[in-house]
Amino acid sequence: MKRLSRLRRHRATGPILLFFALFTIGTTFQVASAVDAEQTTTIAARSAAIDEGREIFLKGCSSCHGLNAEGGEIAPSLIGVGAASVDFQVATGRMPMGDMSMQAMRKTPVYNAEEVYALAMYVASLAPGPEIPTEEMLNYERDGSTAEGGELFRTNCAMCHNFAGQGGALTQGKYAPTVMGVTPRHIYEAMITGPQSMPVFSDKTITPEEKLSMIKWIKAAEAEPQLGGAALGRVGPVTEGLLVWTLGIGLLIGVAVWLAAKAR
Amino acid sequence: MTARERIAGNVAGYVDDRTGAAKWMKKNLTKVFPDHWSFLLGEICLYSFVILLLSGTFLTFWFDPSMREVVYEGSYEPLQGLEMSAAYASTLDISFEVRGGLLMRQIHHWAALIFMVGIVVHLMRVYFTGAFRKPREFNWIIGVGLLTLGIVEGFLGYSLPDDLLSGTGIRIAEAIMQAIPVVGSYLSFFAFGGGFPGVAFIPRIYVVHVLILPAIFLALITVHLMLVWYQKHTQFPGPGRTEKNVVGYPLMPVYMAKAGGFFFIVFGVTAFLGAVASINPLWLYGPYTPGQISAGSQPDWYMGWLDGLVRMAPPIETVTFGYTISWNILIPGLILPGIMFTALALYPFIESWANGDKREHHLLDRPRNAPTRTAIGAMALTFTLVTLLNGGNDIIATTFDLTINQMMWFSRIGVIVLPPLAYVITKRLCLSLQRADRDLVLHGRETGRLVRMPNGEFTEIHEPISAEKAWLLTSHEQLAPLELPEHDGGGVRRPGAIKNKIRNRISRSMATAVPKATQTERQELEGHH
Amino acid sequence: MSNEIELIKDPGLPAHVHRRADTDPKAAARAERQVATLFILSALGTVLLVYSYLFVDEDIFFFIPVLGNTNAHQLGLGMGMAIALFCIGAGLIHWAKTLMPDEEVIAQRHEFKSEDEDREDFVKTVKAGAAAAGLGRRPLIKRTLGAALGLSAISPVLLLGDLGPLPGNQLKTTSWKKGTRLVTDPGDRPLRPEDLEVGAVAQTLPAIAPGEHRSLNDIAKDAVLLIRLRPEEFNLDAERLSWTYEGIIAFSKICSHMGCAVALYEQQTKHLLCPCHQSTFDVTRAAKVIFGPSARPLPQLPITIDAEGYLVAQAPFNEPVGPSFWGRST
C-alpha cells in the first residue's frame with residue numbers, strides 16, 4: 001500500500017494518467033464512430049421500396065425539397081436527379097443537411113443502407129436519372145489503369161481537390177472536400193451527378209473505364225504511404241514552410257542558446 | 001620535443017618558407033570572437049550553404065536537366081507508361097531507384113528552406129541591433145544581395161524537376177517577364193528559346209543554378225566573412241565591453257570547436273528533417289503540363305510574400321494606343337519588390353542621413369534603445385507577414401473555415417493599415433521598456449516581499465541591481481536631434497532648407513527616448529531613503 | 001551639490017566564475033565521459049546508416065505515431081546520418097563548454113582609417129600614375145579607347161541573339177481555326193452536344209491529324225474548357241450568344257492573368273475560379289472577372305457543330321489567349 005501511495009504522489013503521475021484518459025476517450029470515440037461505408041444493395045421489390053422511400057421522404061426531406069420533390073426556396077428540385085444522387089448525398093451523410101451553411105458536409109449518415117436504397121428508388125421513380133452503379137461496373141482493380149487514372153485526375157479533378165485529393169478552397173467559403181476515405185461507388189456517383197458545386201462528368205467526356213482508372217488511382221494514393229517521412233498534409237510548400245519555421249529554426253536556435261550559455 | 005612535435009614543426013616550416021604563413025596564422029588563431037547565441041544565426045546560413053553544395057553535387061550525378069520527352073519505366077507504378085520530361089523522370093529515379101537518393105533530395109530541399117530562414121533571422125538580428133552601421137554598411141549590402149540571390153536560386157532549384165507545381169511557378173514567372181513593357185515578349189522568348197514552355201528553359205536554369213549562382217554566392221560569402229573577420233565582430237554592450245575592444249574567446253580552440261560543432265549540428269538537424277519529414281513529393285504532383293493545375297499551388301515559403309502580393313493586387317491594366325501595361329502584375333511582381341529591396345539595401349545610409357550619426361559603432365544597440373529603428377523593423381515584418389499569409393490564403397481558408405474572399409480583403413486592407421499600427425505600438429513598447437529599465441536602475445528590483453513599518457505603512461523591499469546590470473541598462477547613447485540651419489547668418493532661407501527641415505524632423509522623432517538614469521539621480525534617491 | 005550630472009560607470013569585466021569541471025576533477029572526468037558518449041553515439045549512427053544502406057529492404061513499412069507508415073530503409077538512412085552528424089556536433093560543443101578554457105579574453109580594436117600621411121601618399125601615387133599614363137594630355141587616345149571598349153561590349157550581347165526566335169505572331173495565334181473539332185483531353189475523342197449534360201464540363205484540345213504529336217507549347221495556348229448551362233442562364237449580347245451552341249460555351253483554359261489552367265467550375269454559381277491567385281470569372285457573362293487580380297475576361301472560343309454533329313470551332317479566338325503583353329492589342 002505504501003508503494004501505491006508513493007506512486008500516487010510521484011510528479012509524473014498526473015501527466016501519465018491524463019495521457020491514458022485522453023487515449024482511452026480518443027480510441028473509444030474512433031471505434032464508435034467508424035461508419036461502415038460499403039453498403040451492399042439487395043434488389044428488393046421496387047414498389048415496396050418506392051413506397052417506403054416516399055414515407056421517409058415525406059418525413060425527412062419534404063420540408064425543404066417540397067412534398068413532391070419539386071424543390072423550393074432553399075432546396076433544388078429532385079426530379080430527374082436519379083438514384084445515384086440520392087445514394088451519394090444521403091449515404092455520405094450530406095443529406096439531410098444539418099444547417100443552412102454554404103455547402104453540405106460529409107457526416108455520419110442519418111439513414112441506414114435499406115432506407116437510403118428506398119429513398120433512392122422513390123426519387124428515381126419520379127423521373128429518369130443517373131442510376132446507382134453496380135458492383136460489376138465498379139471493378140476498378142480489373143478494368144482500371146492507375147497511371148491513366150492519375151493523368152485523368154490531375155486534368156479533371158486536381159484543380160479543385162488538389163494533386164493528392166486532399167481537397168481545396170472554392171469561392172465564398174465553399175470547398176471541394178477530400179476524396180480520401182470515400183467508397184468507389186460514391187466517387188463514381190459524384191462524378192456522374194455533380195453534387196452541389198461539382199460539375200457533372202458525363203460518360204462521353206470521361207468514359208466509365210476512365211472513371212474506374214481514376215478510382216483506382218485514388219485508392220492507390222490513399223493506400224500509398226508517404227515515402228519520405230511525415231506527409232505534412234500533402235498540401236505542398238505551405239506546411240513545409242511552417243515546419244521549417246517552427247521545428248527547424250526552433251531546434252537550431254535551441255542548440256545555439258545551449259552553445260553560448262556558460263556551463264555550470 | 002616529441003617525434004610528433006618535430007614532424008609538425010617540419011611541415012609548418014616547409015609551408016612557412018614558401019608562404020610566410022606563420023605570422024598571420026599566429027595572429028588569427030588567437031583572434032577573439034564574442035559569444036552570444038544570436039551571433040550564430042549567420043552561421044546557420046553558412047553551414048546550410050555548405051550542405052547545399054554537398055547534397056547538390058550528389059544530385060547532379062543522376063539528374064538529367066533535359067526537357068526531351070521520355071516514357072517512364074521506373075518502379076513507381078502510378079506513373080508508369082506516362083510521357084514526361086527527362087528532368088522529371090531522372091528526379092523520380094533519384095527518389096525511387098538510387099539508394100539514399102530521396103534522402104539527399106530531401107536534405108537538399110530542407111537545407112534550402114533553412115538557408116533562407118537563417119538569412120531572415122540573421123538579417124533581423126543585424127537590423128534590430130544596428131550592426132549595419134559604419135563600418136559595416138558594405139557587409140549589409142552584400143547580405144541583402146545574398147538574400148535576393150537566395151530567393152532566385154531556390155526558385156530555380158525547385159523548378160528543375162519540371163513537376164506540375166514548379167512548372168506552374170515557371171508559368172507565373174514567365175507571365176511577369178512577358179508583362180514588362182516594350183521588351184517583355186522578347187525577353188520571354190529569349191529566356192525560353194521560343195514560346196512557353198519550350199525545351200530550353202530547364203537546361204539553361206540548370207547552369208545558372210549549379211554553376212553561375214553558386215560561384216557568385218561563394219564570392220559574396222567570402223567577402224562577407226572576410227569583412228567580419230577583418231572588422232571584427234560586433235558585441236553586445238555590457239561590463240568591460242567598449243567601442244575599442246572585443247571581449248570573447250579565441251579562435252583556437254574554443255571558437256573552432258563551438259563553430260565546427262555547430263556545423264555538424266546544422267547538418268544533423270537538416271538530415272533529421274530529411275529523415276522524418278517528406279518535402280516536395282513530386283511523384284504525387286505529376287509531370288508538368290500547362291493544361292493541369294492543383295488547388296493550393298504555392299511557391300516555397302520565401303516566395304510566398306510575392307505570391308500574396310500578386311493575389312491581392314487590384315485588377316488594373318491600362319491599354320493606351322493599343323499598348324498594354326499590366327499594373328496588376330508589374331506592381332506586385334517587380335516594382336514593389338524592387339523598391340522594398342532597394343530601401344532595405346540602402347537602409348544604413350538612410351538612417352545615418354536621418355540622425356546625422358557618422359561615427360563607427362562596434363557596440364550593438366539593445367532594440368528598445370533605438371525605438372524608431374525597431375518600430376520600422378516591426379512595420380516591415382508586419383507587411384511581410386500579411387503578404388506571406390495571403391500567399392497561402394486558400395489553404396488557410398479551408399483549414400480555419402474562412403473564405404478566400406475574406407482573406408483577400410483582410411490582406412488588401414491589412415497590408416496598408418497594419419504596418420503603421422505596428423509602428424506605433426512597437427515604438428510605444430520600446431519607450432515603455434526604456435522606462436522600465438530606468439525604474440530598475442533607480443529603484444532596484446521589486447522582490448515581492450512586503451514589510452510593515454512601525455507606523456503601519458506597508459512597503460515593498462526593492463533589491464538594488466548589480467553594478468554590471470546598472471551599467472548594461474545605462475551605457476547606451478542617446479543621440480540629440482539634429483538642428484541643421486534653415487536660414488543663414490543674415491536670416492535668408494538657404495537653398496537646401498527643405499532637406500534640412502526634413503532631417504531635423506526625422507531625427508527629432510528618432511531621438512525620442514526616456515532619459516537614462518544617472519548616478520546623480522541614484523544618489524539623490526538614496527539620500528531620500 | 002555639483003551641477004554636473006554623473007553617469008553610471010563601467011564596473012569592468014565581472015570576476016570569473018569557475019565551472020565544476022575546472023575545480024573538481026571528478027566533474028571533469030564526467031564531462032569527458034559525456035563527450036565520449038556523444039562521439040560513440042555518432043559512430044552508432046553511422047553504423048545504422050551503413051546497415052540500412054546495405055541490408056534493409058526498401059519495401060518494409062512500419063507504423064510510427066505522428067509520422068504514420070514509415071519506410072524502414074529511408075528512416076534508417078536518414079536517422080543514421082542525423083545521429084552521426086548531430087552527436088559529433090554536440091560532443092564538440094559540450095567539450096568546448098565544459099573542458100576548454102572559458103576565461104574571457106580581451107583584444108583591442110584598431111582604427112581602420114589609414115594615417116593621414118598614407119592617404120596623402122596614396123593620392124600622390126595615383127595622381128603620378130595617371131599623369132604618367134597621360135590620358136589627360138592625349139584626348140585622341142582617351143576618345144578612341146572609349147569608342148573601342150564601348151563597341152566591344154556590343155559583341156557579347158549580339159552573340160546571345162539566337163537565344164530565342166522573335167515572338168512574331170506566336171503569342172497571338174493558336175491552333176484553333178474554323179472547323180477545328182474539339183476533342184477530349186486526354187483521349188482525343190470528338191464530342192457531340194448530347195455528350196454533355198447541363199452542368200457538365202469537358203477539358204478539350206483541338207483535334208490533330210493521326211500520327212501528329214501535340215507539344216506542350218501547343219497545349220499552353222490551345223487548352224479550352226467546355227461548359228454546358230441552360231441557354232436561358234446566359235447573360236450575353238447577341239454576338240457572344242451566337243458563339244455558344246445550345247447552352248454550351250467554350251473558353252480558353254489559360255488564365256488571362258498569369259497563365260495557370262482555369263478549370264475549377266462551380267456548377268451552382270456558374271463561376272470559374274483560378275486556383276493560382278483566385279481570379280473569379282462569371283461564365284454567364286462571358287467569363288467577366290468578378291473577383292481577384294485578373295484584369296481581363298477569358299477569351300471565348302466561338303463554337304458550333306459540323307455536318308456530322310460534332311462540336312467545332314467557328315473561327316479562331318478573337319484575341320490573344322493567356323497573360324497580357326505590351327503589343328497585345330495592336
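Modeller: A residue counts as buried if 20 or more other C-beta atoms lie within 10 Å of its own, as exposed if there are 12 or fewer, and as partly exposed in between. Keep in mind that this is a predicted model. In chain C, buried residues make up 39% of the 330 residues.

Colleague: What makes Gln196(A) partly exposed?

Modeller: Count its neighbours. Gln196(A) has 19 C-beta neighbours inside 10 Å. Buried needs 20 or more and exposed needs 12 or fewer, so with 19 Gln196(A) falls in between and is called partly exposed. Gln196(A) sits in the loop between helix 10 (184-193) and helix 11 of chain A.

Colleague: Why is helix 12 of chain B called mostly covered?

Modeller: Go through helix 12 (residues 304-312) of chain B and you find 9 of its 9 residues buried. Among them are Trp305(B), Asp307(B) and Arg311(B).

Colleague: What covers the buried residues of helix 12 of chain B?

Modeller: The cover includes helix 12 of chain A. From chain B, helix 13 (327-355), helix 14 (371-391), helix 15 (393-399) and helix 16 (404-443) are included too.

Colleague: How many residues does each of chains A and B bring to their contact?

Modeller: Chain A brings 49 residues and chain B brings 54 residues. On the side of chain A that touches chain B, helix 12 of chain A gives the most, with 16 residues. By class, that side of chain A has 29 nonpolar, 16 polar and 4 charged residues.

Colleague: What about the contact of chain B with chain C?

Modeller: Here 89 residues come from chain B and 74 residues from chain C. On the side of chain B that touches chain C, the largest share is 18 residues, from helix 10 (residues 251-276) of chain B. The residues on that side of chain B divide into 48 nonpolar, 32 polar and 9 charged.

Colleague: How do you know that strand 4 of chain B and strand 3 of chain C pair?

Modeller: Two strands pair if there are at least two bridges between them. Strand 4 (residues 245-250) of chain B and strand 3 (residues 105-108) of chain C are joined by 4 bridges, so they pass, and they run antiparallel. To see one bridge, find Val247(B), whose partner in strand 3 of chain C is Ile106(C).

Colleague: What makes strand 4 and strand 12 of chain C edge strands?

Modeller: Start with their sheet: in chain C, 5 strands form an open sheet in the order 4-5-6-7-12, with antiparallel pairing. Strand 4 (182-184) and strand 12 (300-301) of chain C each pair on one side only. Further inside, strand 5 (residues 201-206) and strand 6 (residues 224-228) of chain C pair over 4 bridges. One bridge links Ala202(C) to Leu226(C) in strand 6 of chain C.

Colleague: Which peptide bonds are cis, with omega near -5°?

Modeller: One is the bond from Phe196(B) to Pro197(B). Pro197(B) lies in the loop between helix 8 (184-192) and helix 9 (201-231) of chain B. Another is the bond from Asp185(C) to Pro186(C), and Pro186(C) lies in the loop between strand 4 and strand 5 of chain C. Most peptide bonds are trans.

Conventions:
Residues are numbered from 1 along each chain as its sequence is written. Chains are lettered from A and ligands numbered from 1 in the order in which they are written. This is a predicted model: local features need pLDDT of at least 70, side-chain atom pairs count only at pLDDT 80 or more; totals for chains, interfaces and linings use all residues. Two residues are in contact if their C-beta atoms, placed from the backbone, lie within 7 Å. Helices (H or I, at least four residues) and strands (E, at least two) are DSSP runs, numbered from the N terminus. Ala, Val, Leu, Ile, Met, Phe, Trp, Tyr, Cys and Pro count as nonpolar, Asp, Glu, Lys and Arg as charged, and the others, Gly among them, as polar.
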